[in-house]
Amino acid sequence: MAELQTFVPVTPSEIIQSAEQYAKESYRLIQMHCSATKNNEMFVIYTFEKENLQMVNLKMDVNVGDTISSISGVFFGAFLYENEIHDLYGVNYSGMAVDFQGTFYETAVKHAFAPTVKAETKE
Amino acid sequence: MAERTIIPFGPQHPVLPEPLHLDLIMEDEKVVGAVPSIGFVHRGLEKLVEKRDFHEMMYVIERICGICSFIHSQGYCQTIESLMNIQVPDRTRYLRTIWGELSRIHSHMLWLGLMADAFGFESLFMHCWRVREKILDIFEETTGGRVIFSVCKVGGVWKDIDNDTLKRIVNVLKVAEAETKELAGVFFKDYSVQKRTKGVGVLTYKEAFDIGAAGPTLRGSGVPQDMRTLGYAAYGELDFAPVTEKDGDCFARTNVRMREVLQSYDLIYQAVAKIPDGEIDVKVKGFPTGEFVSRLEQPRGQVVYYAKGNGTKYLDRFRVRTPTFANLAPLLKMLPGCDLADVPILALTIDPCISCTER
């Protein structure tokens, strides 16, 4: 019995407004993560959930070095995910509730999960 | 206004087996703010999807945590099975439920022991771990392992538990349950337990939900949310309701865990009574394609898995959002207003697993 999957595309300019809308509709943020595919495409997924467990995912295309508005002003806990994405993928967030300035994860290789690093490692 | 000082807490601390660091902003003995630091043991396990095929990744994923290793492997397999539209046999669903609930008992008894140790109740700590030992013996008998079991696989499980052994396990659990009930009496009624935990670190219903709390941290504030109610594995066929407490303090979170242990015994009895005979795996053909988000209930709370397949034997991405990661923000909400002496107890009540969190 697989759960219903909903992925809604969102752009960086819409993310704050979307987050506020989901907060208004009694959703909460349960996770954010970034992914890089084999074709070097990157996207961030925001997962929201209602108390009745209804779930929705927002999907945003991003690139290394992009600056995205933080949603930690709407969902406080987002700053942890945003610092993680910054440290592992090199996506910047503006206005985070707590900005660790790249020290959230002390990895040996900077932005270790970014596609650019993957290419360099293979060479 | 009192002068503000910053006191470092962790990453090495007697109550924390895990490397969590907090910069505690203090006014005299009161905490007024906290900034967490993790990242001391980041292993980059998710990155290994590029080098391990989707069958091998199960062995990596179950090593994310030594306490909830089985449920990590179950969650990984369920996510991949959903991607590949694989229907596992009914007996497999029940076996996974039984091992999952044994894992919950083992995790909560370990935590209850650590909690007792943290407030100086050494004999209670030892009794909790004595009960837990019976569960580890069951794991060893049924899987061959006490920490890492490697019993789940995409499409089923590697090992069956025969019906005679299941009956014997129930008999062992009846003894463990009676002992757990005695310990529950201590946790619910003992003066020293109440003195250290009641009214400490209160998180309201709304705060807990809005900030993204998970598991007993969420249910201790009265939110009746438990991923098992989604009905994965055999949970849809078992009778249970989320365990909740209203007060939102350390005592409530402790009680939720203790009551969940008792509930887990009952769920295992139900599963053993209903488990059907039959196969324990199906043949897996092809490779995962598409993307899927799944949620399970670990002992520490909701875990979120995301998998993206590309039609080859290697996944593009496998992401794990562990319950401790979700509970770091609630911890920051609970700390302001508490005494410095309460910080270890408070930090412990989210049941922090930083190894899980840093994957």
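At what angle do the axes of helix α3 and helix α9 of chain B cross? In this predicted model, the crossing is at roughly 155°. The two axes come within 9 Å. Helix α3 of chain B spans residues 90-118, and helix α9 of chain B spans residues 250-274. Angles over 145 degrees count as roughly antiparallel, so α3(B) and α9(B) are roughly antiparallel to each other. The crossing of α3(B) past α9(B) is left-handed. On the α3(B) side, the residues in contact include Tyr94(B), Ile98(B), Leu102(B), Ile105(B), Met109(B), Trp111(B) and Leu112(B). Charged residues also take part, among them Glu101(B) and Arg104(B) of α3(B). From α9(B), the contributors include Met258(B), Val261(B), Leu267(B), Ile268(B), Ala271(B) and Val272(B). By class, the residues of this contact are 14 nonpolar, four polar and five charged.

Helix α3 of chain B also packs against helix α4 of chain B, residues 122-143. Here the angle is about 160°, and the axes lie 8 Å apart. The angle therefore makes α3(B) roughly antiparallel to α4(B). This crossing, too, is left-handed. Among the α3(B) residues that make the contact are Leu102(B), Ile105(B), Met109(B), Leu110(B), Gly113(B) and Ala116(B). From α4(B) come, among others, Leu124(B), Phe125(B), Trp129(B), Val131(B), Ile135(B) and Phe139(B). The contact of α3(B) with α4(B) is made up of 15 nonpolar, two polar and three charged residues. Leu102(B), Ile105(B), Met109(B) and Leu112(B) of α3(B) take part in the contact with α9(B) and in that with α4(B).

The largest nonpolar core holds 139 residues. Val44(A), Tyr89(A), Met57(B) and Leu335(B) touch the most other members. The element that gives the most to this core is α3(B), with eleven residues. Nonpolar side chains tend to be buried together in soluble globular proteins.

The contact between the chains takes 28 residues from chain A and 30 residues from chain B. On the side of chain A that touches chain B, three strands each supply at least two residues: β2 (28-36), β3 (42-49) and β4 (55-62). The largest share, six residues, comes from β2(A). By class, this side of chain A divides into 14 nonpolar, nine polar and five charged residues.

Key: Residues are numbered from 1 along each chain as its sequence is written. Chains are lettered from A and ligands numbered from 1 in the order in which they are written. This is a predicted model: local features need pLDDT of at least 70, side-chain atom pairs count only at pLDDT 80 or more; totals for chains, interfaces and linings use all residues. Axes are lines fitted to C-alpha atoms, for helices over the stretch in contact, and angles run from 0 to 180 degrees between N-to-C directions. Helices (H or I, at least four residues) and strands (E, at least two) are DSSP runs, numbered from the N terminus. Angles under 35 degrees count as roughly parallel, over 145 as roughly antiparallel, 65 to 115 as roughly perpendicular and the rest as oblique. A crossing is left-handed if the near helix is turned anticlockwise from the far one by less than a right angle, and right-handed if clockwise. Two residues are in contact if their C-beta atoms, placed from the backbone, lie within 7 Å. A nonpolar core is a set of buried Ala, Val, Leu, Ile, Met, Phe, Trp, Tyr and Cys residues joined through C-beta atoms within 7 Å. A residue is buried if 20 or more other C-beta atoms lie within 10 Å of its own, exposed if 12 or fewer, and partly exposed in between; C-beta atoms are placed from the backbone.
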